[in-house]
Amino acid sequence: MSEADEAARPLPAWSLPADAIDRIRLTFEWPDRVTRAWALEGATGKDVRVCVLDSGVEADHPKVGAISDAVAVSIGDDGEPIVGPDEEGDSCGHGTGCAGIIRGLAPDCELVSVRVLGAGFTGSGPILLAGLRWAVEQGFDVINMSLSTTKRQFAEVLHELADTAYFKRSILVASAHNMPVESYPWRFSSVISVGSHAEPDSLAFYYNPDPPVEFFARGVDVELAWTGGSMIRATGNSFATPHMSGICTLVLSKHPDLTPFQLKSVLHLIADNVGGRG
Amino acid sequence: MTEDGFRAAVAAGVIGSDEAYGSLLRSIVEVARAIFGAQRSSIFLYDEEADELVFEAVAGEAEQGLVGSRLPSSTGIVGWTLVSRQPLVIEDLTQDPRHAREVAEKTGYVPKGLMSVPLLFDERALSVLQVLDRPQRPGFSLQEMELLGLFANQAAIALDLLQRSRRAKAALDTGGGDVAVVARVAAALDELVEGDRAKALRLLEALEDVLRQ
């Protein structure tokens, strides 16, 4: 077997034979100290594909700019969810707000909208799952999900999708609930879960040593794009989430080989309360 | 009917739920408005059968005639709140002409700003509570958000209790048979003054002895 063939052969998932150690040797050059300057300074989001799973995106909004694709999930005649082109755009304003936050932090990233709202509340669980499944299959680098469900019947499938995303190197960034309820997928450890801090700094974020919420990002009194070309101010964990997505996009833009595990480690090291700004 | 169902049915008879239901909804919106010093507060209940949100109660200067109007369950800010199950606070809404027009048609009022929170109980999303035009204060605080969440949780628990008894009462009204009689007796017993109630209880206990023989 040639060296190239050998390198292409997948490793067994459950063990590491002695002759395979060289094949997983990492060439990544880590600095003596991981700082925010190393992690994201100069990054623009270029070559990073970001998916906004929300209410749709108003593409021509000046704070959002061009989006490369927009799909909507609906329930087909057979009762099953289907993914098709989004002909309606944003049904609320929220998705446009999230897209604008990500664009503001990472101006050169590629944005794709997956609309999972607008087809009624009854089918919203299956629609959410289908939208997330589609996003994971497309292999986006970052998936922004400011939504959650309290339905336990969807928890298992959501958990599987979150793990699949993690193993396929898609970062799933999800809003934590700031109400005393059980909801998903933010509670799963394979996602990056986000709560709010109140500082007016879009790049400030904090690692939470007391999970399940892993990070706090800017979520209070945020100026953001809204439908009708408008700008509004808003507060909520659902706006902290795209801030964290934007930061992930910047790091991945500068260091595209990071796995979700490594990205989480970097985020921890550069968090404001861990000393990454120093 | 199971024992739990029987208990709920009797409770429904005692509560007289339609009146209590309306009072609870009005109380929720009035307290929400008072807590935040807002101009107005309203509540939209989710109608599962129609898959729509129903504008059920409003506090503050408002056109009561619009109560009962319906909105799509998954569009607009109220629909987003229901589907996403996430609370959010928005200012400067009048900047969005489409939103202003749609909201004005359905509720007769265009807010500058609003807080929107889902009322969640267990797995279910029951309704959406909105608090409109609270006083502008520099720096909206996370404590306000937390207060909104806590109040919504309490309101959801009360709403769930009342919805259960309302469903039980509906079941009784549409064919509860023997159980309906017992529920009416329980309701009548509940309304008696103390001395009369003791006498009635003795009578019922005697009846129970006869029935068990």
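Is Cys109(A) buried or exposed? Cys109(A) is buried, with a relative accessible area of 5%. Here, buried means under 20% relative accessible area, exposed means over 50%, and partly exposed lies in between, using a 1.4 Å probe and protein chains only.

This is a predicted model, in which local features need pLDDT of at least 70, side-chain atom pairs count only at pLDDT 80 or more, and totals for chains, interfaces and linings use all residues. Residues are numbered from 1 along each chain as its sequence is written, chains are lettered from A and ligands numbered from 1 in the order in which they are written, and side-chain values use heavy atoms, leaving out hydrogens and water.

**View 1. Cys109(A) and its closest cysteine partner.** A disulfide is a pair of cysteine sulfur atoms within 2.5 Å. The sulfur of Cys109(A) is 11 Å from the one in Cys51(A), the closest cysteine sulfur, and that is too far for a bond.

**View 2. Cys98(A), a buried cysteine.** Over all chains, the disulfide count comes to zero. Cys98(A) is in no disulfide, and its nearest cysteine sulfur, in Cys92(A), is 9.5 Å away. The relative accessible area of Cys98(A) is 0%.

**View 3. The helices and strands of chain B.** Look for seven helices and six strands; these are DSSP runs numbered from the N terminus, with helices (H or I) of at least four residues and strands (E) of at least two. From the N terminus on, they run α-α-β-β-β-α-β-α-β-β-α-α-α.

**View 4. Inside chain B.** Of its 213 residues, 46% count as buried.
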